[in-house]
Amino acid sequence: MEEGAIIKHNIKKAPKTGEWRYMKPEVDKEKCIGCSTCVPFCPEAAIDMKHETRDMKQKNKKPKADIDYEYCKGCGVCAEVCPVKAIVMRKK
Amino acid sequence: MNKELTKHFAQGHSSCAGCGFPAAVRTILGEAKTPIVVANATGCLEVTSTIYPYSAWKVPYIHSAFENAAATISGVERAYKALYRKGKIKGRIKFIVFGGDGGTYDIGLQSLSGALERGHDFVYVCYDNGGYMNTGNQRSSATPYGAATETTPAGKESFGKMETRKNLMEIVNAHRVAYAAQANVAYLQDLKKKAKKALETEGPSFLNVFSPCQNNWKFPTSQYVNVAKLATETNFWPLYEISAIGGSAYGGENGKYKITHEPSQPKPIAEFLKTQGRFKHLFNEKNNPVIDRIQKMVNEEFARIVSLTGE
Ligand SMILES: Cc1ncc(C[n+]2csc(CCOP(=O)(O)OP(=O)(O)O)c2C)c(N)n1
Ligand code: SF4
Ligand code: SF4
Ligand code: SF4
Ligand SMILES: [Mg+2]
């Protein structure tokens, strides 16, 4: 038995919900226009806007959607809301 | 992992893939400019975010029971006020409750009413997924007319739920709180603005947020945003706010009711209904009159809200 009833938040212990996934979203970085529409709708907060290379950043190019597969559950919401269909769901 | 979005509510929670409420919760918490304390009624959000020994909450969080989240936050808020007065705590803390529709429209209504009436400084957020989802889709007083649930099954003698939805916004408004608003997880910019206003309000404020449940409404996991959009595009879920105490929130005396987003050409209600398995039976010919009735209800409620905007 643990004493007390305090649970400290420890993200390292968080269940890796990526294991749930049976469809995998893939971002076509050429197609992605960097609009961020998909970001706040992802229920797992698994999408970040990232520069693929330092070169891109230097050239002032827009960052692109980048998915954290440790937590992505593969729901397909991001692919659905993307205005340019830059995300494709593939069988894992 | 998105750092900004997981500042208050982490990844790793176990809501179903494609659930509607995580985006709503994160958007609301993202508007907090002060430290916050969260109380949460029993339900899917609570169960999926606090599976022992884990917690998705990075803010102080308290779960007591299904029926008393508003009473719980009342006590926490009063304790804070007492400590503040004694100088033991400095600075402003804001208190937020999250409750499902079952926990708000039904079982927690009495404690919500008490907390609103006593005037505690808190925001109550109801994420409305139209039923008792965590226990397998039993009807609540928020379940739409005509929806098939475990306790209102559709069949030969029944077209699903035969009672109309309770109008919670009107019940909350009867308490004359400074700010109450209806929002929708598909409209995050609108939700953001409303969350900001609710958090800035001194005293009680209320948000009723439309939050699809892919599991029990029966639609594909990728569809919650589309389904929720249709709820507003058909006027099934109007986006509006009520400032009951003139001037103190926004809009003042003349703008008691304000519609924050109005579809230019509302779509027929069938467009919303046909996206979900819980309404599938309504598309049998014999149930056509039910769809007509729903359309009438939607039209009348929307006209009522419009009439209250004074426009
Ligand atoms: C007093 C009490 N009665 C019943 C339950 C069982 N119960 C747990 S969650 C839940 C449903 C909650 O529904 P809602 O508030 O709408 O939240 P949702 O699960 O739909 O998100 C019920 C009935 C309980 N925990 N406590
Ligand atoms: S598939 Fe779902 S969980 Fe995965 S990144 Fe897209 S929206 Fe997020
Ligand atoms: S919605 Fe589409 S275009 Fe916009 S950031 Fe996401 S993947 Fe890129
Ligand atoms: S049952 Fe519905 S509300 Fe509950 S976690 Fe699953 S999708 Fe979300
Ligand atoms: Mg519910």
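User: In what order do the elements of chain A run from the N terminus on?
Analyst: The order in chain A is β-α-β-α-β-α-β. That comes to three helices and four strands, where helices (H or I, at least four residues) and strands (E, at least two) are DSSP runs, numbered from the N terminus.

User: Before we go on, what sort of model is it, and how is the numbering done?
Analyst: This is a predicted model, in which local features need pLDDT of at least 70 and side-chain atom pairs count only at pLDDT 80 or more, while totals for chains, interfaces and linings use all residues. Residues are numbered from 1 along each chain as its sequence is written, chains are lettered from A and ligands numbered from 1 in the order in which they are written, and side-chain values use heavy atoms, with hydrogens and water left out.

User: What is the radius of gyration of chain A?
Analyst: Chain A has 16 Å, whereas a compact globule of 92 residues would have a value near 12 Å. The radius is taken over C-alpha atoms, and the globule rule is 2.2 Å times the number of residues to the power 0.38. Along the principal axes, the C-alpha atoms of chain A fill a box of roughly 55 × 30 × 20 Å.

User: How much of chain A is buried?
Analyst: Buried residues are 39% of the 92 residues in chain A. Buried means under 20% relative accessible area, exposed over 50%, and partly exposed in between (1.4 Å probe, protein chains only).

User: And chain B?
Analyst: In chain B, buried residues are 57% of the 311 residues. Chain B has 11 helices and eight strands. Its radius of gyration is 19 Å, close to the 19 Å that the globule rule gives for 311 residues, so chain B is as compact as a globular protein of that length. The C-alpha atoms of chain B fill a box of roughly 70 × 50 × 35 Å along the principal axes.

User: Ligands next. Which residues come closest to ligand 3?
Analyst: A:C32, A:C35, A:S36, A:C38 and A:C82 are the closest of the 13 residues around ligand 3. A residue is near a molecule or strand if one of its heavy atoms lies within 4 Å of it. The shell around ligand 3 has 10 nonpolar residues, three polar and no charged. Ala, Val, Leu, Ile, Met, Phe, Trp, Tyr, Cys and Pro count as nonpolar, Asp, Glu, Lys and Arg as charged, and the others, Gly among them, as polar.

User: What about ligand 2?
Analyst: Ligand 2 also has 13 residues around it, and A:C42, A:C72, A:C75, A:G76 and A:C78 come nearest. Nine residues of that shell are nonpolar, two polar and two charged.

User: Which residues surround ligand 4?
Analyst: B:S15, B:C16, B:C19, B:F21, B:C44, B:N129, B:C213, B:Q214, B:N215 and B:N216. Helix α8 (residues 214–217) of chain B gives the most to this shell, with three residues. The shell around ligand 4 divides into five nonpolar, five polar and no charged residues.

User: B:F21 is in that list. Which helix of chain B holds B:F21, and is B:F21 buried or exposed there?
Analyst: B:F21 is one of the buried residues of α1(B). Nine of the nine residues of α1 (residues 21–29) are buried, so this helix is largely enclosed by the rest of the structure.

User: What does the sheet in chain B look like?
Analyst: Eight strands of chain B form an open sheet with mixed pairing, in the order β2-β1-β3-β4-β6-β5-β7-β8. Strands β2 (61–63) and β8 (257–261) of chain B stand at the edges with a single partner strand each, so one side of each has no neighbour in the sheet. From one strand to the next the twist averages 20°. Two strands pair if DSSP finds at least two bridges between them.

User: In what sense do β1 and β3 of chain B pair?
Analyst: Strands β1 (residues 36–40) and β3 (residues 94–100) of chain B pair in the parallel sense, over five bridges. B:N40 stands opposite B:F98 in β3(B).

User: Which residues does B:V76 touch?
Analyst: B:V76 touches B:V37 and B:F95, leaving aside residues up to four places away in sequence; contact means heavy atoms within 4.5 Å. B:V76 lies in helix α3 (residues 69–85) of chain B, and its 27% relative accessibility counts as partly exposed.

Methods. Axes fitted to C-alpha atoms, helices over the stretch in contact; angles between N-to-C directions.
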